[in-house]
Amino acid sequence: MHILSIVGARPNFMKVAPLIRRLKARGHVASLVHTGQHYDANMSDAFFRDLGMPDPDRHLGVGSGSHAQQTAKVMAAFEPIVQELAPDVVVVVGDVNSTLACTLVCSKLRIPVAHVEAGLRSRDRDMPEEINRLVTDCIADLLLTPSPDADENLRAEGVEDSRIVRVGNIMIDSLVDQLPRAEDSDVLERLGLNAGKYGVVTLHRPSNVDNPEVLGGILDALRDVAREVPLVFPCHPRTRARLEALPGGSDGLQLTEPLGYIDFMALVARSRIVLTDSGGLQEETTWHRIPCVTIRENTERPITITEGSNVLAGTDPARIRDLSMQALQKPCGEHPTPSLWDGKTADRIIDALVGWHEQR
Ligand code: UD1
């Protein structure tokens with residue numbers, strides 16, 4: 001089979017890398033399109049290098065813009081390329097604008113699309129990602145889900161069982177593949193940190209960083225937590241621009257540039273606590289059994305709460321502070337790893353794609 005995978009933004013790379021590796025190992029044709037939604041060396045190139053990904057067959061170079069501009073640019077650039085490459089199936093992952101844009105193009109050209117990480121729902125339409133998830137799942141042909149809650153969400157929306165296959169969590173494939181390399185990372189020495197004695201912060205959601213009052217409150221809470229345990233904060237470009245405009249900025253926190261996959265994984269794996277608004281990090285901390293305080297009112301990944309180490313703090317500074325202090329006082333979790341978070345999801349995806357293709 002010829003399977004074309006799409007990547008656009010940072011959280012896509014670790015989901016596509018293991019799929020491409022297994023596709024090639026099993027003798028399929030694996031092509032890759034990068035939309036260029038993320039383009040900085042440390043938001044994109046570092047991940048290709050760390051994850052051992054091949055250069056994309058095509059790079060659309062769309063860059064930043066409003067949601068409509070970015071989505072439209074991906075669509076216009078992708079349409080002739082997918083026609084030229086003529087894959088048997090296109091695989092999209094996650095919930096970024098590139099995911100939605102490429103799915104829309106394929107759907108109208110009647111090129112089969114499979115969505116990896118289908119069915120996740122935050123039920124918060126203020127999140128651009130929730131709109132991307134809803135529309136992508138509505139029009140993609142095959143919905144490959146990570147967890148039982150995702151299957152239930154899709155069924156509740158009227159999706160027929162024949163379109164749903166639970167395959168597990170593909171991001172954990174990358175984590176399992178690359179963990180041995182992370183053990184050799186010298187990131188702790190470079191940042192002057194001691195294993196188990198620091199916390200990691202990431203923030204980039206528009207709802208958290210674009211409003212100075214909300215961001216200011218979150219930073220106050222983080223500064224309080226940093227009096228208990230040093231906090232290192234690899235900073236997304238969107239967030240850095242906002243921080244620089246805020247009085248007090250990142251005082252009390254150790255800001256760094258965004259890190260590559262291996263260094264970031266090493267940093268998280270040896271941390272005592274993570275405070276974040278990222279989706280993927282809620283899952284990675286659950287796998288590592290490291291306490292995660294999620295700075296959001298909701299999550300599309302509830303399994304990280306019911307079966308993992310995650311708590312939802314919202315953006316109230318007192319709650320962020322309290323939940324962090326509670327987490328720091330408890331030993332790290334001992335919960336079992338959620339089902340199908342076993343590093344073998346890429347193979348289950350390929351089995352599902354082949355089976356589905358043969359039946360069509
Ligand atoms: C996007 C995804 C989000 C994902 C996040 C991970 C959507 C709607 N959002 O958000 O789901 O969690 O990626 O990072 O698709 N910028 C740079 N260099 C880059 C990329 C971005 O400087 O390489 C800056 C630009 O100022 C840009 C801003 O970051 O305008 C936001 O980038 P954008 O791709 O629009 O969204 P993210 O916030 O990164």
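**Close-up views of a predicted model**

**View 1. Buried residues of helix H2.** In helix H2 (residues 41–50), the buried residues are Met 43, Ser 44, Ala 46, Phe 47, Phe 48 and Asp 50. The model is predicted: local features need pLDDT of at least 70, side-chain atom pairs count only at pLDDT 80 or more, and totals for chains, interfaces and linings use all residues. Residues are numbered from 1 along each chain as its sequence is written, and side-chain values use heavy atoms, with hydrogens and water left out. Helices (H or I, at least four residues) and strands (E, at least two) are DSSP runs, numbered from the N terminus. Buried means under 20% relative accessible area, exposed over 50%, partly exposed in between (1.4 Å probe, protein chains only). The cover over the buried H2 residues includes strands S1 (2–7) and S2 (29–34). Helices H1 (10–25), H7 (170–182), H11 (237–244) and H12 (261–269) are also among the covering elements. Gly 52 follows H2 and has a positive phi, near 60°.

**View 2. The loop between S5 and H5.** Glu 117 lies in the loop between strand S5 (113–116) and helix H5 (128–139). Its phi is positive, about 85°, although Glu 117 is not a glycine. Most residues other than glycine have a negative phi. Glu 117 counts as buried because its relative accessibility is 7%. Arg 123 is in the loop between S5 and H5. Arg 123 is not a glycine, yet has a positive phi of about 60°. At 63% relative accessibility, Arg 123 counts as exposed.

**View 3. Thr 286 in helix H13.** Thr 286 sits in helix H13 (residues 279–288). Its relative accessibility is 1%, so Thr 286 counts as buried. Leaving aside residues up to four places away in sequence, Thr 286 touches Thr 304, Glu 307, Gly 308, Ser 309, Asn 310, His 335, Pro 338 and Trp 341 (contact: heavy atoms within 4.5 Å).
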